[in-house]
Amino acid sequence: MKHVECINYINLDCEKGMCALSKQIVPIDGNGSDACGHFQPAPVCGNCACFADADKHGIGTCKGFEKENWTYAKCGAFCCEHYKAARG
């Protein structure tokens, strides 16, 4: 789990973001990018119960709509009317 995968992460640029709770600047990857104890998974396709059959690149199928289509696991699903948090 990384800060960038958390609902509380605010993207600032291509290298870093900020935790909305602590206001701490955190890198997207590398040293210091691991999630903190307040981690809550962000609504992205890869965390959705409708996401299936991901390949090694994180490209899978969305089964939440009448017509299935491909999507990236890291695609934001903040406004998706069919998003259902996966159980796990």
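How far is the sulfur of Cys48 from the closest cysteine sulfur, and in which residue is that sulfur? I looked this up before anything else.

I am working on a predicted model, where local features need pLDDT of at least 70, side-chain atom pairs count only at pLDDT 80 or more, and totals for chains, interfaces and linings use all residues. Residues are numbered from 1 along each chain as its sequence is written, and side-chain values use heavy atoms, with hydrogens and water left out.

**Cysteines.** The closest cysteine sulfur to that of Cys48 belongs to Cys50, at 3.9 Å, which is too far for a bond. I took a disulfide as a pair of cysteine sulfur atoms within 2.5 Å. My count is 0 disulfides. Cys62 is in none either, and its nearest cysteine sulfur, that of Cys50, is 5.7 Å away. I then checked burial (buried under 20% relative accessible area, exposed over 50%, partly exposed in between; 1.4 Å probe, protein chains only). Cys48 is buried at 9%. Cys62 is buried at 19%.

**Aromatics.** I paired rings of Phe, Tyr and Trp (its six-membered ring) with centres within 6.5 Å; planes under 30 degrees apart are stacked, over 60 edge-to-face, the rest tilted. The whole structure gave me 1 aromatic pair. Trp70 and Tyr72 have ring centres 5.2 Å apart and planes at 90 degrees, so I log the pair as edge-to-face. Trp70 is exposed at 53%. Tyr72 is partly exposed at 45%.
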